[in-house]
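Let's take a friendly walk through this model together. Please have the sequence and the 3D view open as you read.

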Amino acid sequence: MGFVVTSLIFLLIGIIASLSTRIFFNKGPSANLFHLTLVLTSTTCCWMMWAIVYLAQMNPLIVPILSGE
């Protein structure tokens with residue numbers, strides 16, 4: 001549940017950021033494409049970093065060793 005909800009939040013942030021760059025930084029077709037590429041790449045990279053960290057905690061590779069005391 002948390003993975004889906006947070007992924008939707010990242011998607012919403014990406015859409016809002018894309019629309020705001022389109023509205024506030026309208027400098028021409030090539031600049032708009034560059035801004036859109038930057039926004040989508042940064043949103044995707046942030047989501048991937050969060051997803052990797054989140055999923056790594058579900059099934060850790062190194063199991064904690066408990067002391068026998």
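## The cysteines

C46 has a relative accessible area of 45%, so this residue is partly exposed; that class lies between buried, under 20% relative accessible area, and exposed, over 50% (1.4 Å probe, protein chains only). C45 counts as partly exposed because its relative accessibility is 46%. C45 is in no disulfide, and the nearest cysteine sulfur, that of C46, is 7.1 Å away. Likewise, C46 is in no disulfide, with the sulfur of C45 as the nearest cysteine sulfur at 7.1 Å.

## About the model

What you see is a predicted model, in which local features need pLDDT of at least 70 and side-chain atom pairs count only at pLDDT 80 or more, while totals for chains, interfaces and linings use all residues. Residues are numbered from 1 along each chain as its sequence is written, and side-chain values use heavy atoms, with hydrogens and water left out.

## Overall form

The protein has 2 helices and 0 strands; these are DSSP runs numbered from the N terminus, with helices (H or I) of at least four residues and strands (E) of at least two. Along the principal axes, the C-alpha atoms fill a box of roughly 70 × 20 × 15 Å. The radius of gyration is 19 Å, whereas a compact globule of 69 residues would have one near 11 Å. That radius is taken over C-alpha atoms, and the globule rule is 2.2 Å times the number of residues to the power 0.38.

Of the 69 residues, 14% count as buried. The protein exposes about 5,900 Å², and carbon and sulfur atoms supply 76% of this area. Accessible areas come from the Shrake-Rupley method with a 1.4 Å probe, and for residues only the protein chains shown count as cover.

## The nonpolar patch and the loop

Which residues make the nonpolar surface patch of about 860 Å²? They are V4, L8, L11, I15, L19, I23, F24 and F25. Patches are made of residues with over 30% relative accessible area and no salt bridge; like charges are joined within 9 Å, and nonpolar side chains (Val, Leu, Ile, Met, Phe, Trp, Tyr) within 5 Å. A salt bridge here is a side-chain nitrogen of Lys or Arg within 4 Å of a carboxyl oxygen of Asp or Glu.

F25 sits in the loop between α1 (2-24) and α2 (29-58). F25 counts as partly exposed because its relative accessibility is 44%.

## Along helix α2

Two buried polar residues are worth a look. N32 lies in helix α2 and counts as buried because its relative accessibility is 10%. The side chain of N32 makes a polar contact with the side chain of N26 at 2.8 Å. Such a contact is a pair of N or O atoms within 3.5 Å; within protein, one must be able to donate a hydrogen and the other to accept it, and residues adjacent in sequence count only if both atoms are side-chain atoms. T43, also in helix α2, is buried at 15% relative accessibility, and its side chain reaches the backbone oxygen of V39 at 2.8 Å.

W47 is in helix α2 and is partly exposed at 29% relative accessibility. W47 and F3 are 44 residues apart in sequence and 11 Å apart in space, C-alpha to C-alpha. I52, found in helix α2, is exposed, with a relative accessible area of 53%. From I52 to M1 there are 51 residues in sequence and 16 Å in space, C-alpha to C-alpha.

Conventions: A disulfide is a pair of cysteine sulfur atoms within 2.5 Å.
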